[in-house]
Amino acid sequence: MLHIHHLTKSFRHLTVLNQLDFNVEKGDLIYIHGINGSGKSTLFKIICDILKPDTGDICLSDDAHIGALIENPGFLENETLAYNLRFLASLKHQYDETKIQTLCSQFQLNFHNHNKIKNYSLGMRQKAGIIQAFMEEQNFILLDEPTRGLDKESVLVFCQMINKFHQEGKTIIIAAHEYLQDIHYTKIYQLIDGKLYEDQDF
């Protein structure tokens, strides 16, 4: 699904990713942890082609359809949840309102709420961000601190959702500080000094 070889990325004089190697197989459910500023978000942005690496090779399989939640989810602030999700899904002509409403219901979000996104709480925005990462049948999902702002019940729903989508064959990478024991990870890595190391301590 993804092959990264000798990836390097620096910002001014700070090297964030340093000759990083990373392989992701189809069907992996991966957890990446590391301290603030270790490069988790930077790695995701490079995979999504939001940032360009300084050096290194990135090979993504032709059938990879990426869904991502990276840092703070961005929306059309003066529009409703329904408008935003319809707009995002229409960009790739993958709009399935029944599926989107089902995802919203799981997170107790009212798809037909007339409130504008700018009035949503952090947790509600986060739920919307998670939904948009899955709503178009994406098969390669990158989630950066996905449970930020979520209450305990919503975290449980999130874990159940991740396990279900993984069972359906989706490849998922979660980068976060919080280790969620209810998620059935297949591989765990720690990002240290710009490199990924498989973590056997969990």
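**Salt bridges and strands**

User: Is R86 buried, exposed or partly exposed?

Analyst: In this predicted model, R86 is partly exposed, with a relative accessible area of 35%.

User: What does E97 form with R86?

Analyst: A salt bridge, in which the closest N and O atoms are 3.5 Å apart. E97 belongs to helix 3 (residues 97–106) and R86 to helix 2, so the pair ties together parts that are 11 residues apart in sequence. E97 is partly exposed too, at 26% relative accessible area.

User: How many salt bridges does the structure hold?

Analyst: There are 9. One of them joins the side chains of D28 and K187, at 3.1 Å from N to O. D28 sits in the loop between strand 2 and strand 3, while K187 is in strand 8, so this pair ties together parts 159 residues apart in sequence.

User: Is D28 buried or exposed?

Analyst: Buried, with a relative accessible area of 8%.

User: And what do the side chains of R125 and E77 meet in?

Analyst: Another salt bridge, 2.8 Å from N to O. R125 lies in helix 4 (residues 122–134) and E77 in the loop between strand 5 and helix 2, so parts 48 residues apart in sequence are tied together. R125 is buried at 17%, whereas E77 is partly exposed at 30%.

User: New topic. In what order do the 3 strands of the open sheet come?

Analyst: The order is 2-1-4, with antiparallel pairing. Strand 2 (14–24) and strand 4 (55–60) are at the edges with a single partner strand each, so one side of each has no neighbour in the sheet. On average, neighbouring strands are turned by 20° against each other, direction ignored.

User: Which helix packs on the sheet?

Analyst: Helix 1 (residues 40–47), which touches strand 1, strand 2 and strand 4. The direction of helix 1 makes about 120° with that of strand 1.

User: How many residues of strand 3 are buried?

Analyst: 5 of its 5 residues, in the stretch 29–33. L29, Y31 and H33 point one way, and I30 and I32 the other way. In a regular strand, side chains alternate between the two faces of the sheet.

User: In which sense does strand 3 pair with strand 7?

Analyst: Parallel, over 4 bridges. L29 has I172 in strand 7 as its bridge partner. Strand 3 also pairs with strand 8 (residues 187–192), in the parallel sense over 4 bridges, and there I32 is partnered by Y189.

User: Last one: which residues form a nonpolar patch on the surface?

Analyst: L76, Y83 and F87, with about 260 Å² of accessible area together. L76 is in the loop between strand 5 (66–69) and helix 2 (81–90).

Technical notes: Residues are numbered from 1 along each chain as its sequence is written. This is a predicted model: local features need pLDDT of at least 70, side-chain atom pairs count only at pLDDT 80 or more; totals for chains, interfaces and linings use all residues. Side-chain values use heavy atoms; hydrogens and water are left out. Patches are made of residues with over 30% relative accessible area and no salt bridge: like charges are joined within 9 Å, nonpolar side chains (Val, Leu, Ile, Met, Phe, Trp, Tyr) within 5 Å. Accessible areas come from the Shrake-Rupley method with a 1.4 Å probe; for residues, only the protein chains shown count as cover. A salt bridge is a side-chain nitrogen of Lys or Arg within 4 Å of a carboxyl oxygen of Asp or Glu. Helices (H or I, at least four residues) and strands (E, at least two) are DSSP runs, numbered from the N terminus. Two strands pair if DSSP finds at least two bridges between them. Axes are lines fitted to C-alpha atoms, for helices over the stretch in contact, and angles run from 0 to 180 degrees between N-to-C directions. Contact means heavy atoms within 4.5 Å. Buried means under 20% relative accessible area, exposed over 50%, partly exposed in between (1.4 Å probe, protein chains only).
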